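User: Could you walk me through this structure step by step? I'm new to reading protein models.

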Amino acid sequence: MAEQLLGGLTDQDQNQRLASVLADRLAAGSRPGARTDGHRVALAIEGGGMRGSVSAGMALAIHELGLLEAFDAVYGASAGALTAAWLLSSKPQGILSCIDPRFTRACIRTTNLLRGRPLVDVEKLVEDIYIREYPLDYASVLDTAIELHLLATDIATGEPRDLFSEMTDGKALRLALRASTALPVLAGRPIEFGGRRYYDAGLAESVPFRQALRDGATHVLVLRSKAVHDVPATKGAEDRVPPSLGARFVAKVALRRHTPQLKAAYLARRARMVDDDRDLAAYELDLDGTCQSAVLSIRPDRSVPAVSRLATDSNLLHEAFEFGRRAVNSWFAATDRTSAVSSDLLAA
């Protein structure tokens, strides 16, 4: 069961590289912002709309295992940005809101269009529900010593942009969350923030491990929401993955007034997913430790129930969430063969 949940992730050397650092930090009781081991350990959380319920379950398990303090930074993209904010807040259990039907059906419904609201009403979620109905302690997110890096896609360039330096107060944090999750067409207009306009991070970097590496991470644990299928090993194979007909229609019609760079980024999403899968697989197969950074993914396999971007079925979302939760617990239990980290975590 553990290998199924982890998608066949069994490379012991990579497990050891990450697990040993986590175990050392737990044993030393070190804290973010006051490390002396010379490492930068990052947690990267994939989104994917409501498919992000899988990686949300993984993130909650990280908290439940008492592991969060071993990380220096958390990176979130799209729905993974919402999960990251809850994880670093004073109430990490709030991650469960992603599968709460009271909120999912309030934010994703066709009747929103009749009231002049977008089909996916992220503004209502971040500016209303997370303040009045199910409060997210935004101040605590900003106060934590663990860095929060939220990604969004810059409309002008089509490139990913890290909003870390601009999240100076609660209002800015909420705008960053909305920018990271602003799906074209489905979630309405792009978000204006810091003199720029943004759409969902998934257009440019749906799995935010590359930004963590650009920031100098020596170790990255990636929480995936998407099962990995057959990955082309040849560099450039991603260029042969054509965009879907739906993506072409959106680029031609809904994005017609935007820059060519944004359209190109949107049309290249499927190809980038192949690129991400291939590169992550290369890190995981780095048996002799030649890669400068250790990057390891915990991911579901094909047995995880298919969750669409706009799913609101509470039973389906709960099942996907629990798959993610068990995947993390299974991974750390498996490391017991090569590291003491499992017993340290489970005892926390």
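User: How many helices and strands does the protein chain have?

Analyst: Happy to start there! Keep in mind that this is a predicted model. Counting both kinds of element along the protein chain gives 14 helices and eight strands.

User: What share of the residues of the protein chain count as buried?

Analyst: A residue counts as buried when its relative accessible area is under 20%. The protein chain has 348 residues, and the share that counts as buried is 56%.

User: Why is helix H4 described as largely enclosed by the rest of the structure?

Analyst: Let's look along the helix, which covers residues 79-87. Its buried residues include Gly 80, Thr 83, Trp 86 and Leu 87. H4 is largely enclosed because the number of its residues that are buried is nine of the nine.

User: Which residues is Leu 223 in contact with, leaving aside its neighbours within four places in sequence?

Analyst: Contact here means heavy atoms within 4.5 Å. With those sequence neighbours set aside, the partners of Leu 223 are Leu 43, Ala 44, Ile 45, Glu 46, Ser 55, Met 58, Ala 59, Ile 62, Ile 298 and Val 328.

Note on methods:
Residues numbered from 1 in each chain as written. Predicted model: local features only at pLDDT ≥ 70, side-chain atom pairs only at ≥ 80, totals over all residues. Heavy atoms only, no water. Buried < 20%, exposed > 50% of the residue type's maximum accessible area, 1.4 Å probe, protein only. Helix = DSSP H or I, 4+ residues; strand = E, 2+ residues; numbered from the N terminus.
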